[in-house]
Amino acid sequence: MHYQNDTLAICFSEYALSKIDDQDTRSIYKYALELSETHVEKIKEFFTSEGFPIPHGFSNEDVNLEAPRLYSDEFLLNYMYIMSLHGLTGYAVSLSTSSRPDIRKYYQECTIQTMKLHEKVLGVMQSKGLYTRPPYINPDEMVEFVLRENFITGWLGERRPLNAIEIANITFNMNKMNLGKALVLGFSQVANTSDVRDYMVRGTKISTKHTEVFDSLFREDNLNTPISWDSTVTNSTESPFSDRFLLFHTNVLTSAAVGFYGASLAVCMRKDLSVQYVRLIEELMDYAKDGIDIMIKYCWMEKPPTADDRDKIAQKSPR
């Protein structure tokens, strides 16, 4: 998965660098491109040493550098901010589930590199006024303990305000969903296959619905919401990327959103909010499944290595 994601990142970064005007943003993308290229070569070494075939991933066939600009510099900066968050999460999981010392060392290095990238992006966004700060909350006068069960309810009557943990997670998810909405909005304009185009239009509608749910929760408590990036998409209809690229990228973001929603569900303390997360997760899982069906239909989905099918082997064994 990291090989596929890094080859995808190379294609996106190369396209972005062919369009970016802002020098700070250009510097960030150059750094990100160098990281992805280094990662791809290292992963190739791991596969080769173990006798595994090199994944197909993405290549020059999947990017058109001559296509017109599809996203503004501001969007591209925010895109790298969100992708760095995804990278930090992915590398942390891989590090914690790896056994071999050389693989652990590799993911440690990737984590440190991505932390540096994240710091660079966040610093530039703040300097340009493009970073939406999470809502402020006033400190309590003292530590309090929950004394009534209505702290975890929220079905009927007056609901308690969102707590700091819930606010942080909603902000986190809204930032990613706003980015994803603008991304698939652009994808819907340039997709060449009707199946992919319809899928992107549907993704835009789902993203809109999810941001409206989160926005309504914040409005109820008079909290500020992250900015939308929809207006940073141009009116271009010439695709910079292959439809396979568009579909894979959307599926990666959808799968990540399911994971982040799940983590938020695990720590939210209001039942009505828990129900919202469950409902939204189910919708995203259905959407992701339909995306996989389209990938399989067009033979775009690479099959990962799997465990041996012992029943099939037994059937082939000589009698």
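Is Lys181 buried or exposed, and what is its relative accessibility? Select Lys181 in helix α5, where helices are DSSP runs (H or I, at least four residues) numbered from the N terminus. Because its relative accessibility is 14%, Lys181 counts as buried; buried means under 20% relative accessible area, exposed over 50%, partly exposed in between (1.4 Å probe, protein chains only).

This is a predicted model, in which local features need pLDDT of at least 70, side-chain atom pairs count only at pLDDT 80 or more, and totals for chains, interfaces and linings use all residues. Residues are numbered from 1 along each chain as its sequence is written, and side-chain values use heavy atoms, without hydrogens or water.

Next, display Asp230: its side chain and that of Lys181 are joined by a polar contact of 3.0 Å (a pair of N or O atoms within 3.5 Å, one able to donate a hydrogen and the other to accept it; residues adjacent in sequence count only if both atoms are side-chain atoms). Beyond four places in sequence, Lys181 also touches Thr204, Ser207 and Thr208, contact being heavy atoms within 4.5 Å.

Now select Tyr29, Phe75, Tyr79, Ile170 and Leu246, the residues with the most contacts inside the largest nonpolar core, which has 84 residues. Such a core is a set of buried Ala, Val, Leu, Ile, Met, Phe, Trp, Tyr and Cys residues joined through side-chain atoms within 4.5 Å. Among the elements giving two or more residues to this core are α1 (2–17), α2 (23–50) and α5.

Finally, move to Val143, in the loop between α4 (101–127) and α5 (164–190). Val143 counts as exposed because its relative accessibility is 74%.
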